[in-house]
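How are they ordered, and what lies beside them?

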Amino acid sequence: MGKLSFSFDTDKLQKRSDEITKGVDRAPGRSLLYATGRIKRPADMDKPFIAVCNSYIEIVPGHVHLRELADIAKEEIRKAGGVPFEFNTIGVDDGIAMGHIGMRYSLPSRELIADAAETVINAHWFDGVLFMPNCDKITPGMLMAAARTNVPAVFVSGGPMKAGLDPHGKAITLSNMFEAVGAFKDGKLSREDFLEIEQNACPSCGSCAGMFTANSMNYLMEALGMALPFNGTALAISKQRRELVRQAARRVVAVVKQGLNPREIMTKEAFDDIYAADMAMRGSTNTVLHGLAIAHEAGVDYTEKDINRIAKRTPHIAKIAPSSHWTMEDVHRAGGMAAIMNELIEMGGDVFHPDRPSVTGKTIRENVLGHHSQDEAVIRPVAKAYSPVGGLAVLYGNIAKNGSVIKSAGVDPTITTFTGKAVCFDSHDAAVKGIDGRAVKKGDVVVIRYEGPKGGPGMPEMLNPTADIIGRGLEKDVALITDGRFSGATHGICIDHVSPEAASGGEIALIRNGDRIHIDLVRRTVDLLVSDEELRQRRRELPPFTPKVKQGYLARYQALVTSADTGGVMVGYDQLLKAANKLR
């Protein structure tokens with residue numbers, strides 16, 4: 001990668017930060033700026049102020065090294081002619097929070113991160129922002145803030161971790177650890193091997209090594225145009241990751257000069273392209289939730305129907321863990337997202353829109369020109385695609401009138417339809433207990449409800465029950481549907497984001513034990529085989545939802561969050577006003 005640099009006359013640059021640095025009335029504020037130690041001399045007041053929005057936190061392995069990377073970034077920003085000011089956001093580790101009350105804070109943390117970043121950026125009139133996320137809700141939260149504030153910005157994530165090794169020397173990721181729990185409970189794995197996997201599945205800092213939510217979002221930033229090439233795949237511990245940080249730091253000062261704002265990059269075509277890249281890579285179903293939320297903040301009208309439109313025209317050319325043994329390290333070695341995007345561009349037509357701007361100062365086409373797969377076992381050419389259609393699908397039906405999502409590429413290819421008997425649970429914990437207690441058998445459809453954005457609250461991930469099912473060898477014999485969501489590590493016949501959710505009176509609340517449910521992946525439908533008349537009767541008998549949380553942030557979130565099919569964003573001012581008027 002070549003070095004990126006520039007120079008400019010700060011006297012001619014109209015800066016946002018002039019609001020806090022210019023004029024006699026701003027003297028008290030300037031005095032406080034000197035007190036920070038970031039401003040060394042009066043001439044620094046004329047330089048662009050660059051926020052470094054970091055997410056360093058010591059309990060998240062994907063973020064423990066970001067303290068070091070932020071120092072590298074700040075040094076480069078100063079060299080490039082800017083003044084860096086670092087601030088931090090919160091972060092939740094989904095793997096550590098999984099399976100208990102902590103997971104209910106994970107998705108809601110996305111809104112807190114967006115709100116916190118907006119607050120610091122706008123309160124201090126920064127000229128540009130270098131965002132440094134890495135995991136799960138942190139990356140989309142920061143992207144939402146970038147779209148909302150529309151201040152020139154560049155993203156550089158912390159990078160993926162190396163794959164671990166199992167007792168036989170085979171590459172493993174965190175998803176293998178979750179599945180090992182089910183295998184150990186079922187007596188299929190020895191205690192010694194179980195403990196060895198536990199201690200070796202996650203061998204370094206970085207986002208988990210498979211195609212889970214964190215890595216899905218970090219490579220999609222390249223397709224969006226908000227990050228530099230190889231942002232999603234260069235390992236956290238590599239020299240290339242540190243060089244990426246240096247380049248991104250220089251570029252953020254450059255985009256301030258250029259006046260390139262996030263909303264000029266985050267167009268309707270850009271969202272088409274991130275989902276095309278997602279379909280080609282078979283990312284996490286959480287990308288549906290987060291992409292819709294980011295589009296909402298960018299003022300782009302985007303829906304799940306748009307996602308299905310993209311899926312139908314985009315081939316699936318890379319299958320990464322948990323759907324194969326390949327890890328992010330393999331994807332990087334094979335050419336990374338640049339090779340995948342170039343493969344889609346060379347298809348021609350409207351599969352990809354390569355002539356969009358990006359934070360590199362070049363178009364997407366220019367960013368990936370000449371990049372081809374270096375290992376066709378990892379990144380296949382279109383002619384040898386796993387499937388002519390994308391690896392994610394939105395399913396509709398009388399259970400999911402507003403949509404639901406399945407990682408279709410994570411389903412065994414021999415399965416195109418599935419019909420089974422419903423086994424219903426009204427919480428994640430009850431489902432785990434039921435699966436452990438052998439209440440779920442071959443031919444069943446596990447229904448987990450009241451775990452949506454409102455019902456959870458917080459739409460917790462369902463990795464424990466899905467991993468238990470797979471660990472017990474039932475991947476092809478049991479389906480699962482939920483108004484909650486799945487980890488990117490989930491695979492199998494697993495449908496999430498069912499909308500409307502049970503807590504809002506969605507039809508998933510009307511399912512009863514023993515009902516027949518039919519799933520058709522070709523027609524993209526999921527239906528309860530019960531008459532409309534019977535469903536109307538059940539609705540009359542359905543008790544009203546009682547919120548689970550009465551105080552604190554989760555209670556506020558529960559009251560204000562919208563449905564999964566709209567990205568699970570918080571209600572806007574207009575909706576709040578309507579709700580208030582109804583109470584009068």
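Start with the eight strands that form an open sheet in the order β7-β8-β12-β11-β10-β9-β13-β14. Pairing in this sheet is mixed. The model is predicted. At the edges stand β7 (393–395) and β14 (525–528), each of which pairs on one side only. From one strand to the next, the twist averages 30 degrees.

A helix packs on this sheet: α14 (residues 304–313), which touches β7 and β8. The direction of α14 makes about 130 degrees with that of β7.

Now look inside the sheet. Strand β8 (residues 403–406) runs antiparallel to β12 (residues 494–499), and three bridges join them. Isoleucine 406 has isoleucine 495 of β12 opposite.

Turn to the four-stranded sheet. This sheet is open too, with the order β2-β1-β3-β4 and parallel pairing. β2 (83–88) and β4 (153–155) each have a single partner strand, so one side of each lacks a neighbour in the sheet. Ignoring direction, neighbouring strands here are turned by 20 degrees against each other on average.

Within it, β1 (residues 49–54) and β3 (residues 128–132) run parallel and are joined by five bridges. Isoleucine 50 stands opposite glycine 128 in β3.

Last, a loop. Between β5 (164–165) and β6 (171–172) lies histidine 168. Is histidine 168 buried or exposed? Its relative accessibility is 70%, so histidine 168 counts as exposed, the cut-off being over 50%. Aspartate 193 is 25 residues away from histidine 168 along the chain, and their C-alpha atoms are separated by 9.4 Å.

Methods
Residues are numbered from 1 along each chain as its sequence is written. This is a predicted model: local features need pLDDT of at least 70, side-chain atom pairs count only at pLDDT 80 or more; totals for chains, interfaces and linings use all residues. Side-chain values use heavy atoms; hydrogens and water are left out. Two strands pair if DSSP finds at least two bridges between them. Helices (H or I, at least four residues) and strands (E, at least two) are DSSP runs, numbered from the N terminus. Axes are lines fitted to C-alpha atoms, for helices over the stretch in contact, and angles run from 0 to 180 degrees between N-to-C directions. Contact means heavy atoms within 4.5 Å. Buried means under 20% relative accessible area, exposed over 50%, partly exposed in between (1.4 Å probe, protein chains only).
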